[in-house]
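Please keep the structure in view while reading.

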Amino acid sequence: MIHTIAHYINGHRKELDLPSGAGSDLAFFKVGGNPWGKGRINFLVFDKEQSEPLLFVKSMREKDRDESLRHEYIMINNLASYRELVPYLPLPVHLGSLAGHDIMIQKACHGERILASLSRSPILHFQKQTMANNFSRSLEFITKLHTSVRNEPSSAEFRRGIIDPFLSFYDGFGSDQNRTALARLLEEISTIMGGSPITTPMHGDYSATNIFIDLDNQIKIIDWETAAEKGLPFLDLFYFMSKYIHNLKIPPRDRWQRVIRPYFGNTWLSGLIGETVREYCQKTGFSIELGRALFPLHFLNKARIKYSMRGKEPAQLWMNLFEYSINNLDKLCF
Amino acid sequence: MLDLHCPTCKSQLTVTQDRVHCESCSSSWERKYGLISFIDDRYSYGNIPQDKWKEIFSNISGKTNEEIQEYLSSVKIKGRWAYFNSFKNHKADGFSFLDVTDKDVILDIGCGPGSLTIPLAKRCKEVYALDATLPRLRFLDIRRKNEGLDNITPIHASALYLPFREPSFDYILMNGVFEYIGEWEDDTDPRDLQEMTLRTIHGLLKPGGHIFIAIENRYGFDFFYKERDHSKLYVTGLLPRYMANLITRILRRKQYRTYTYSFNDYKKMLEESGFRNIQFYYVWPDYRDPKYIFAEKDRNIFEYYLEHFIKHTASTFEYLFFKWAYKFGLERHFVSNFIIVGEK
């Protein structure tokens, strides 16, 4: 497979914006990918002897036209039409097909993922500054995205495209304990948004793993495959914070408890979360009341994505967080 | 389908709907559950006992792959995760560094539940999937039917007595199998058995064909203190064989026969068996879950991996150890898992 990809890259040097002389002798590093189903395989592509990768390649393992690669390509290109978002995107991005395999090639990000700055210390005190910085960096892009790109669907479209899928997923998941509470919450969201609901693009996996801090301190957002053009505001920000806290090594040992506690407690982390949410509201104009109502949905949304990719068991953990949060909204820290 | 040959006398076999017969030495083997089988059912690799297999097959027969995964994720049977995880398609990602085409014929020795067999069958002409544990082949056969793959031939046989004679294969693979060869016959030195198998494989490959071995490095960093050796004890792999044997006899009441080797030893063994152009690939975290793969010769990628992955995911000690090893060009001796490819 890599030989075919190398040949393809050499035939598309101009579109891929490869520096002159680069790309004639390529080396491949298989990184991550999705192991399930038809699955994707990802490569970082290096020029021989170079210490930083040139390109990032996503391809299908099986000969297939993959809608998720196509979707990601379209999503990145659509966002790239907003000039203020361009610095945050891994451009140029190229979609092709070789020997029946869909392939997406984009410029490799240099620098480090935000995840790399996460401390392995169990003591929170020594990582407060880094955390505050990282929350602020994540906020930088998400506020820019949510102020630059907005849609104003009709109430009926909003209900059909945004609200109803949450309900039908919840019903299909086989848990009905909080069906009424969810329906009530969704009603409340519609009410808060009034007659003119707003949707924003949603990354869907906006986590410290998918945010690079480039060598010139510019952040780049990668992995747009679960992105939606029309999503709800706040959810990416909440997910970033939840996943970040989930990845910390601080007590308690139970990662899920670790996520719940700061949101529904009164700790330093609760303060940082509150501050970040208020700053988001201030910059985007969305109300904190809307944020509170949307909060449980970021867990439900993640459960929905996990369910579609990996089935019920991995989704259940996120569903548990959703169920807890919808029943404890009055204790939320912001 | 390739001609099968008698594992004993190497004459051509007659394969019928319900049995396999050798005209020459009059040996005959009945098919088991429709599968070609040359050995009895005593050998069983893995943790799942026979009675549990009955329960599993009664629950998965006639089910879709998704339903089987759902069942395996919920049922409380020790050893089930290996079968659940066999549905992950990334286990064959090492093959993306090779040019497998739809004309290739592959022999998967120790195929297990089909972790590599299934993805490879989607890319090549035919896969002969061989395993000595019958339930694993039955499991693979269910998956095969569910996927509609009619280019897989499961064969219940010992890798020491392969039912093939001619150079017929473009690729022969052993994914986590080579180290177990010594356990299949107690009265021969494990290394002799392993070398004999390499020579047999060399003979069965077409000219230009490739052997593909995924295996641990005897002196891999993980085996210093983090991971157990195949003996299920720590550090036995690092010890002289006689000492490891003494320890396993005392603590595990069995001989030490699961030999792994160093980078140089693997290279030498393959060369001595007639292979050339031997390439090593590093695979992390291990070949059972190959998230990261790159060629040993691409040292620039090792440096990148060191600074962007090991540094942030492994212990400081491991990072500094590999940084030191890289500085002196020694990393290949301590990387814990290899994919090794040799050409005939």
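## Strand pairing between the chains

In this predicted model, A:Val31 stands opposite B:Tyr292, a residue of β11(B). That pair belongs to a strand pairing across the two chains, in which β1 of chain A, residues 26-31, runs antiparallel to β11(B) and is joined to β11(B) over 3 bridges.

## The contact between chains A and B

The contact draws 24 residues from chain A and 24 residues from chain B. On the side of chain B that touches chain A, the elements that contribute two or more residues are α2 (65-74), β11 (289-295) and α10 (299-313) of chain B, and the largest share, 6 residues, is given by α10(B).

## A sheet within chain B

Chain B also holds an open sheet of 3 strands, ordered β1-β2-β3 and paired in the antiparallel sense. Because β1 (13-15) and β3 (28-30) of chain B each have a single partner strand, they stand at the edges, and one side of each is left without a neighbour in the sheet. From one strand to the next, the twist averages 15°.

Within this sheet, strand β2 of chain B, residues 19-22, runs antiparallel to β3(B) and is joined to β3(B) by 3 bridges, and B:His21 stands opposite B:Ser28, which lies in β3(B).

Conventions
Residues numbered from 1 in each chain as written. Chains lettered and ligands numbered in written order. Predicted model: local features only at pLDDT ≥ 70, side-chain atom pairs only at ≥ 80, totals over all residues. Contact = placed C-beta atoms within 7 Å. Helix = DSSP H or I, 4+ residues; strand = E, 2+ residues; numbered from the N terminus. Pairing = 2+ DSSP bridges. Axes fitted to C-alpha atoms, helices over the stretch in contact; angles between N-to-C directions.
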